[in-house]
Amino acid sequence: MKKGKKYIQAQEEFDTLELYSISESLELLKKIPHKKFDETVELHLVMGVNPKKANEMIRGTVVLPNGTGRDVTVLVFAKGDKADEAKEAGADFVGMEDLAEKINGGWTNFDVAIATPNMMRFVGKLGRVLGPRKLMPNPKTGTVTLEVEKAVTEAKAGKVEYRVDKHANIHLPVGKISFDNDKLIENIGAAMAAILHDKPAASKGKYIKKMTICSTMSPGIRIDSPAYIKELKAK
């Protein structure tokens with residue numbers, strides 16, 4: 001793939017083989033020429049696990065203390081008191097069969113879908129639409145729950161999911177390029193603490209092999225992950 005002029009200029013701002021601290025990497029990221037929109041800052045990890053083995057899978061969620069910098073549209077499948085609870089918590093769409101019918105027709109104008117357990121008889125039939133878009137409610141991510149208020153509040157506040165892919169990588173947003181560096185550092189720290197906490201017992205050897213940070217349109221800046229993890233654990 002041909003790299004754009006700004007991408008090439010960005011690579012000239014730092015040594016692509018050098019390992020940087022979190023603070024240094026964010027300072028470099030801010031110096032890179034950016035597009036005219038507020039780019040997302042992304043954390044990319046190469047993990048020392050075998051994702052083909054069920055006992056080495058990594059999947060979880062974390063609420064970023066400073067949010068993601070974007071408005072999150074939340075849909076909730078619920079009825080009765082739980083529907084009222086969802087509305088009061090700030091859910092954008094609340095319903096049952098009516099929402100299921102719209103989604104079956106291809107409508108997916110939302111970022112997070114939450115369902116109470118008794119609604120899964122409707123939601124389960126939407127797998128072909130929601131599954132490929134990673135919008136399917138799941139107990140493992142706290143989106144199939146009776147704690148509707150908590151789920152909606154966390155989603156609105158900046159709850160993100162991380163999951164190791166088939167190549168043993170984890171990718172997740174940690175804020176916007178407009179964020180102060182201290183806020184980005186706090187978000188990265190929360191995400192990394194959650195991922196370190198979720199280390200599978202079956203994982204042997206180096207758990208995090210490589211750690212890179214970038215913005216939506218920038219090249220990746222390599223982080224000295226052993227030094228950073230040691231620093232994080234010392235806090």
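**Salt bridges between separate chain segments**

Lys156 is partly exposed, with a relative accessible area of 32% (a class lying between buried, under 20%, and exposed, over 50%, for a 1.4 Å probe and protein chains only). The model is predicted, with local features requiring pLDDT of at least 70 and side-chain atom pairs pLDDT 80 or more, whereas totals for chains, interfaces and linings use all residues. Residues are numbered from 1 along each chain as its sequence is written, and side-chain values use heavy atoms, without hydrogens or water.

Lys156 forms a salt bridge with Asp92, the closest N and O atoms being 2.7 Å apart (a side-chain nitrogen of Lys or Arg within 4 Å of a carboxyl oxygen of Asp or Glu). This pair links distant parts of the chain, 64 residues apart: Asp92 lies in the loop between helix H3 and strand E4, and Lys156 in helix H7 (helices, H or I of at least four residues, and strands, E of at least two, being DSSP runs numbered from the N terminus). Asp92 is partly exposed at 38%.

The whole structure contains 5 salt bridges. Another of these joins Glu161 to Arg59, with closest N and O atoms 2.8 Å apart. Because Glu161 belongs to strand E6 and Arg59 to strand E2, the pair ties together parts 102 residues apart in sequence. Glu161 is partly exposed at 33%, as is Arg59 at 28%.

Arg70 and Asp111 also form a salt bridge, at 3.0 Å between the closest N and O atoms. Arg70 lies in the loop between E2 and strand E3 and Asp111 in that between helix H4 and strand E5, so parts 41 residues apart in sequence are tied together. Arg70 is partly exposed at 44%, and Asp111 is partly exposed at 29%.
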